[in-house]
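Colleague: I'm new to reading protein models. Could you walk me through one, feature by feature?

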Amino acid sequence: MAIALAGGSATSVPPVTGTTSLGPGWTLTSSRVGLTPYGLKCADLPEYQLSGHTVPAGTTIYRQRITGWLDLSMGNITVSQSCIQPLPGYVGQGTSALSTWNSQRELQAPVTIQDSEYDGSLLSAHDQAWIGLFVGVANFYRNYVHNSGSGLNTYVSWEKTDADVTIMNNVVDHLICYGDPNTTGNHQSAYTVRDFVTDTRPSRQLIVADNYFLADSPNVSAVFFIQPNPADISNMTASGNLLGGNGFQLTLEVAQDRFPGVTYHNMHAVNNRFINDEYGVARVDGGGEGWTQWSENYMYNPSALDGKGTLVPNP
């Protein structure tokens, strides 16, 4: 296994991903995730060095500062206790710093990004809005994402081993908008699902649990936006998340006029909390099966037991 380490130090044991939750999203703050619990800041970390952009299979990138874009499609890669902080001119407009998508190959094995921070603040406001952390499919644990056009996503989710995917204990806030979203401006969500492929392993699961997702600019499509494209979304469970910001908090949508022939199946939303109901809390749009399970979802009341305010009905 290749291990990229801070300061050139060596170790035979790479960081291990912990899968025990820190608690539900309404107990999280940005200081509980990312680099802060380890006493680290982006400026503390050495710049990651790689010849080219393709990270070798089996690499662990540990306590590094990633300033350009990386192709993680070789798989079995972990990014841990690192800062993804694009420098001006290093990542193209409309692209992402990290990607598992490659037109020459499917993702070869799972990728995990954990205990890390994405910080786009060194970019212009325009580039912050148009450059993001990630596109593809990966496990995300305990990351802090800010100063980005959008937050996390699950997209082009084909992966050779058909492993389950977990998005847990992440905080996304301070997203950056630019321009008019009805014309040439950006669109944003704190978390987006575009597909989750289960063709060869029908029991494959996407778990989105115990995150705090905030998206409060005028350019928000939805805080948590689920819209199939280019393939179906199946077997997703969203639980323990706190969703806040502008527009609808949670959207489940089929857009057959733009993305014909794709839909969603077996979708569960359980024990989530919502901060803003100005435009509506949740919606189901464009047909489709709707939520297979919708239960124990509430408006967030910080003074109530377990944050349970008004019960939110199935949309």
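Modeller: Let's take pockets, then strands, then aromatic rings.

Modeller: This is a predicted model, so to speak of a local feature we need pLDDT of at least 70, side-chain atom pairs count only at pLDDT 80 or more, and totals for chains, interfaces and linings use all residues. Residues are numbered from 1 along each chain as its sequence is written, and side-chain values use heavy atoms, with hydrogens and water left out.

Colleague: What volume does the largest pocket have?

Modeller: General idea: rolling a probe the size of a water molecule over the atoms shows where empty space is left. On a 1 Å grid over the protein atoms alone, a pocket is an open set of points where a 1.4 Å probe fits, with protein on both sides within 12 Å along at least five of seven lines; lining residues have an atom within 4 Å of a point. The volume is the space filled by probe spheres set on the points, which are joined across faces, edges and corners. Here the largest pocket comes to about 650 Å³. It is lined by 25 residues, and the closest to its centre are Gly94, Ser96, Ser150, Asn153 and His187.

Colleague: Which strand gives the most to that lining?

Modeller: Strands (E, at least two residues) and helices (H or I, at least four) are DSSP runs, numbered from the N terminus. Strand E10 gives the most to the lining of the largest pocket, with four residues. Helix H1 (125-130), E10 (132-135) and strand E13 (152-154) each supply at least two. By class, the lining has nine nonpolar, 15 polar and one charged residues. In this scheme Ala, Val, Leu, Ile, Met, Phe, Trp, Tyr, Cys and Pro are nonpolar, Asp, Glu, Lys and Arg are charged, and the others, Gly among them, are polar.

Colleague: In what order do the strands of the open sheet with E10 come?

Modeller: Two strands pair if DSSP finds at least two bridges between them. The order is E4-E7-E10, with parallel pairing. E4 (70-71) and E10 are the edge strands, each pairing on one side only. Strand E7 (residues 96-99) and E10 share three bridges, and Ser99 has Val135 as its partner in E10.

Colleague: Is strand E22 buried or exposed on its faces?

Modeller: Buried means under 20% relative accessible area, exposed over 50%, partly exposed in between (1.4 Å probe, protein chains only). In E22 (residues 250-253), Leu250 and Leu252 on one side and Thr251 and Glu253 on the other are all buried. Parallel to E22 runs strand E19 (residues 224-226), joined to it by three bridges, with Ile226 opposite Leu252. E22 also pairs with strand E25 (residues 282-285) in the parallel sense, over four bridges, where Leu250 has Ala282 as its partner.

Colleague: How many aromatic pairs are there?

Modeller: A pair of aromatic rings is described by the distance of the centres and the angle of the planes. Rings of Phe, Tyr and Trp (its six-membered ring) pair if their centres lie within 6.5 Å; planes under 30 degrees apart are stacked, over 60 edge-to-face and the rest tilted. The count is six pairs. Tyr191 and Phe224 are edge-to-face, 5.1 Å centre to centre with 75 degrees between the planes. Tyr191 lies in strand E16 (residues 191-193) and Phe224 in E19, so the pair ties together parts 33 residues apart in sequence. Tyr191 is buried at 0% relative accessibility, and Phe224 is buried at 1%.
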